[in-house]
Amino acid sequence: MNMTFSGLVPLAPVLIVSLTAVLVMLLIALRRHHNLTGTVSVVGLNLALASVLWLAFREGGGPASVTALFMVDAYALVYMGLILVGALACTTLAHAYIDSYRNNREELYLLLLIAVCGALLMVASVHFASFFIGLELLSVPTYGLLAYTHERGRALESGFKYMVLSATASAAILMGMAFIYAYTGSMAFKQVGMALSTALQNPMVVAGAGLMLMGVAFKLSLVPFHGWTPDVYQGAPAPMATFLASVSKVAMFALMVRVMLMTALMAMTGIQQALTVLAVLSILVGNLLAVRQVNLKRLLGYSSIAHFGYALVALVCL
């Protein structure tokens with residue numbers, strides 16, 4: 001594989017956020033300064049957002065493959081823009097929230113930037129390997145973000161609960177990928193879709209699709225995999241609960257749509273029916289349980305459950 005600088009240009013938003021994370025790490029090592037670290041993080045995210053706009057409107061711009069793992073097309077750029085806007089909002093909120101925290105504050109920005117890198121890679125993934133790497137690059141820093149203010153309230157419980165359950169969901173996704181790879185012999189979405197187009201009822205394929213759907217449903221807090229959501233949101237720092245509800249779930253939903261369509265799994269009758277049931281249950285349960293809440297963050301959790309139910313309706317109709 002010959003990689004050139006021009007070949008990496010489509011991944012400019014990811015590279016800028018990665019370099020910002022490295023710069024923040026160096027700043028923390030040299031001299032701790034909360035305002036400086038926060039400012040550098042915001043500037044880096046703004047530059048990444050500007051690069052997304054440049055890629056979207058540059059002359060001759062179109063879908064660009066970056067190795068066999070990533071495809072930066074209009075679909076990916078739209079979600080990259082959403083992720084970066086959400087990350088900027090969360091970073092701004094976090095600066096004021098963490099300012100009075102008496103322990104080290106700067107590492108919060110480092111964890112957030114690494115998680116954003118994972119989210120950006122997820123929405124451009126067209127391969128099971130990049131799918132899982134991006135997912136874990138997003139998930140692992142999120143554990144630390146949720147438990148960051150561990151001396152306040154239930155933050156440590158929130159981070160630990162999400163870590164254990166998220167690891168279980170990741171294992172289910174990985175096992176589902178293994179089943180599909182065992183049958184198709186490929187991990188690229190396009191090749192998997194070609195191989196599955198005539199074998200959608202194969203038991204190994206059905207098992208793999210079911211396991212992947214279960215893991216994705218957990219990440220999106222779809223009913224009945226939603227039990228962790230209100231507890232984690234309530235215990236987490238408010239800006240990090242917002243990050244989990246927006247950036248993390250947007251990245252997961254974008255990747256799920258790409259996987260379902262490119263691998264032909266949406267053509268499976270069972271998958272369509274399962275998504276329909278998940279959507280209806282999420283809308284009903286999310287809205288009905290939200291009525292009983294007196295805690296704002298728990299209300300946000302149930303709201304996210306209901307809203308991703310609405311998003312699933314659009315996918316099922318498609």
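Q: How many disulfides does the structure hold?
A: This is a predicted model, in which local features need pLDDT of at least 70, side-chain atom pairs count only at pLDDT 80 or more, and totals for chains, interfaces and linings use all residues. Residues are numbered from 1 along each chain as its sequence is written, and side-chain values use heavy atoms, with hydrogens and water left out. Taking a disulfide as a pair of cysteine sulfur atoms within 2.5 Å, Cys90 is in none, since the nearest cysteine sulfur, that of Cys117, is 15 Å away. The number of disulfides in the structure is zero.

Q: Is Cys90 buried or exposed?
A: Buried means under 20% relative accessible area, exposed over 50% and partly exposed in between, with a 1.4 Å probe and protein chains only. The relative accessible area of Cys90 is 1%, so Cys90 is buried.

Q: How are H5 and H11 oriented to each other?
A: Helices are DSSP runs (H or I, at least four residues), numbered from the N terminus; the axes, lines fitted to C-alpha atoms over the stretch in contact, of H5 (residues 107–123) and H11 (residues 238–262) come within 8 Å and cross at roughly 20 degrees. Angles, which run from 0 to 180 degrees between N-to-C directions, count as roughly parallel under 35 degrees, roughly antiparallel over 145, roughly perpendicular from 65 to 115 and oblique for the rest. H5 and H11 are therefore roughly parallel.

Q: Which residue in H11 that meets H5 is charged?
A: Contact means heavy atoms within 4.5 Å, and the residues of the contact of H5 with H11 divide into 14 nonpolar, no polar and one charged. Asp, Glu, Lys and Arg count as charged, Ala, Val, Leu, Ile, Met, Phe, Trp, Tyr, Cys and Pro as nonpolar, and the others, Gly among them, as polar. Among the H11 residues that meet H5, the charged one is Arg258.

Definitions and conventions: Helix = DSSP H or I, 4+ residues; strand = E, 2+ residues; numbered from the N terminus.
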